[in-house]
Amino acid sequence: MAKSIDVSDLDIYYGDFLAVEGVTMTIKARSVTAFIGPSGCGKSTFLRSLNRMHEAIPGARVEGKVMVDGQSLYEPSIDPVAVRRQIGMVFQRPNPFPTMSIYENVLAGKRLNAKRMSRSDADDLVERSLRGANLWTEVKDRLSRPGMSLSGGQQQRLCIARAIAVEPQVLLMDEPCSALDPISTAAIEDLIHELKADYTIVIVTHNMQQAARVSDDTGFFNLKAAGEPGHLVEFNPTTKMFTNPDDESTEAYISGRFG
Amino acid sequence: MTDLQTAPPVSPRQSMSLTGATLPRLAPVLAAVIAAGVGALAAVIGGVGWVAAAFVAWLVLVVGLPLWSSAVEGGRKARDRVATLLVWSAFGLAMIPLVSLVWTVLSKGIGILSGQFLTYSMRGVLGEGGGIYHAIMGTLVITALATVISVPIGVLTAVYLVEYGKSSTLARVITFLVDVMTGIPSIVAGLFAYALFALFFGPGVRMGLGGAVALSVLMVPIVVRATEEMLKLVPDELREAAYALGVPKWRTITKVVLPTAVSGIVTGVTLAVARVAGETAPLLIIAGLTTSTNLDPFSDRMATLPVFIFYSITEPGLYVDEMTDYAWGAALVLVAIVMLLNVVARVVGGLFAPKTGR
């Protein structure tokens with residue numbers, strides 16, 4: 001059920017401000033693709049444009065093409081809500097719904113879309129999603145507790161469970177581990193490895209080791225200069241990227257000699 | 001080499017002392033007692049009134065304690081004591097009218113309260129007997145109706161302003177108009193309702209519904225403001241989380257944003273209700289006064305507590321003492337209703353608040 005994503009010549013704007021320029025890449029199905037690069041270079045902006053979350057910000061728009069499964073996401077006939085049901089997202093900061101219990105948080109995607117489910121189906125889905133997010137054993141005895149009662153790492157895995165409960169084709173992750181401790185990070189990285197079998201995963205990270213550990217392909221974004229739009233410098237298999245990158249600035253960034 | 005072995009020169013800085021002289025913990029109490037004594041002395045010996053004596057006591061405290069502190073503890077702590085005293089003084093000053101109001105209403109109104117006072121109307125009553133049942137019910141019916149009218153309008157306006165309008169011109173115009181509405185004098189709201197209903201029912205119309213419309217003109221801006229602030233407090237991350245699950249915007253608002261903000265919205269609405277429950281001027285014009293119980297807001301005059309109080313004082317007729325007692329009793333009931341609404345607002349707000357479980 002995983003899908004590949006073809007991006008060609010994508011420009012992303014905030015109002016008149018060109019934030020990201022001329023991105024072309026192919027994200028393979030059932031693989032992990034990581035984006036690295038300095039802050040403010042447009043990694044997250046680009047990620048958000050892949051499921052039309054970008055336009056939740058007033059004035060934001062894109063030019064160019066994003067093709068998923070042969071359909072162009074930015075055609076006028078495309079329903080952004082339908083796009084987001086297919087392409088899920090996990091955010092930098094864990095954001096469980098504060099009014100809902102753990103159980104309701106996992107079901108939020110279904111319930112909020114007014115899907116009627118039998119009690120047993122719902123129980124199954126909650127267990128499956130929480131197991132998928134490696135959280136089941138920790139919370140199975142307190143599903144009715146508020147989602148906010150969990151620790152930060154658990155909340156983030158709850159958000160991943162919530163995202164995979166709607167069974168998307170693609171999972172976008174925007175620095176999912178940046179607010180977490182090393183143990184929670186390891187748990188989520190293991191999870192990404194497991195999820196790869198069923199989902200196409202795109203992850204933005206500031207942690208080079210993390211990109212090297214979890215991803216199959218890596219894209220390096222950079223700014224040409226301060227005030228200039230961000231652009232994709234290099235997109236290659238991760239092993240090549242970290243051993244023998246095509247571009248000098250990639251090597252400089254990866255080895256810590258930036259600029 | 002020799003240089004290295006000599007002891008380092010003694011620093012001109014002395015070792016730091018972290019302790020200093022302090023007044024005993026009971027010093028403020030002691031100072032207050034002494035100041036009160038001076039005040040009492042002034043009252044007894046100087047023969048000044050008790051207000052002047054209290055002022056003298058206060059002056060002695062505000063000057064004396066900092067001087068004592070400055071002599072023992074030094075300047076910074078003395079200034080701290082001055083500031084503390086001034087803050088407490090302001091608090092005490094603010095409490096005087098509140099306490100005195102509650103005390104006056106309680107002492108003057110409690111005597112008349114009885115089962116009969118709360119359950120009888122004034123129909124055919126002159127002098128002794130009767131009660132304010134008709135006015136209580138009128139206030140409850142009209143306020144409830146005003147709430148029913150203004151909460152949907154106010155909440156939906158706020159939803160438009162925060163979720164859809166953002167910084168569009170229309171939203172800015174609406175915000176401005178809401179601000180203007182906040183400042184509308186209540187008598188103007190009453191005239192507006194009267195003019196509106198006179199259009200349909202002819203001049204001289206009196207109707208409970210008209211009172212509800214007038215009150216909702218006053219309530220809507222308060223509800224809009226309170227709801228707007230609450231909706232702005234809902235983090236954008238929650239909206240994005242819902243969007244990322246493929247939830248349409250309207251469902252995100254009804255199922256995620258409003259439930260997260262509902263405790264604040266309920267509190268705001270209840271405070272708005274409490275605010276308009278005591279309005280007199282608009283009800284004077286459009287709801288009028290009657291001595292019998294009228295539960296139908298769509299026809300005829302309807303008595304309300306504020307209007308009842310107004311007429312009992314201004315036009316008591318032959319039975320001045322009885323009507324004055326009735327007015328104080330009605331005032332006590334009105335204050336009790338408003339206080340009850342405030343308590344309910346807090347309880348309901350607490351019940352609906354998002355649970356952190358920690």
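**Exercise 1. Work out what share of the contacts in chain A with a separation of 6 or more comes from residues 24 or more positions apart.**

Solution. In this predicted model, residues 24 or more positions apart account for 68% of those contacts. Next, look at the elements: chain A has 10 helices and 10 strands. Then check how compact chain A is: its radius of gyration is 18 Å, close to the 18 Å from the globule rule for 259 residues, so chain A is as compact as a globular protein of that length. Its C-alpha trace spans about 55 × 45 × 30 Å along the principal axes. Finally, turn to burial: 48% of the 259 residues of chain A count as buried.

**Exercise 2. Describe the side of chain A that touches chain B.**

Solution. Start with the counts: 25 residues of chain A are in contact with 22 residues of chain B. Now find the elements involved. α2 (80–86), β6 (87–90) and α3 (102–112) of chain A each supply at least two residues of this side.

**Exercise 3. Find the domains of chain B and describe how they meet.**

Solution. First, take the bounds: domain 1 of chain B covers 24–109, and domain 2 covers 118–352. Third, look at where they touch: four residues of domain 1 of chain B are in contact with five residues of domain 2 of chain B. On the domain 1 side, these residues divide into two nonpolar, one polar and one charged.

**Exercise 4. Locate the largest nonpolar core and follow one of its residues with the most contacts inside it.**

Solution. Helix α9 (residues 208–233) of chain B gives the core its largest share, 15 residues. Now follow V223(B): leaving aside neighbours within four places in sequence, V223(B) is in contact with S150(B), V151(B), G154(B), V155(B), G268(B), V269(B) and A272(B). To finish, look for a second core: a separate one of seven residues includes A53(B), A57(B), L61(B) and L65(B).

Conventions. Residues are numbered from 1 along each chain as its sequence is written. Chains are lettered from A and ligands numbered from 1 in the order in which they are written. This is a predicted model: local features need pLDDT of at least 70, side-chain atom pairs count only at pLDDT 80 or more; totals for chains, interfaces and linings use all residues. Two residues are in contact if their C-beta atoms, placed from the backbone, lie within 7 Å. Helices (H or I, at least four residues) and strands (E, at least two) are DSSP runs, numbered from the N terminus. The radius of gyration is taken over C-alpha atoms; the globule rule is 2.2 Å times the number of residues to the power 0.38. A residue is buried if 20 or more other C-beta atoms lie within 10 Å of its own, exposed if 12 or fewer, and partly exposed in between; C-beta atoms are placed from the backbone. Domain bounds come from an automatic or database domain assignment. Ala, Val, Leu, Ile, Met, Phe, Trp, Tyr, Cys and Pro count as nonpolar, Asp, Glu, Lys and Arg as charged, and the others, Gly among them, as polar. A nonpolar core is a set of buried Ala, Val, Leu, Ile, Met, Phe, Trp, Tyr and Cys residues joined through C-beta atoms within 7 Å.
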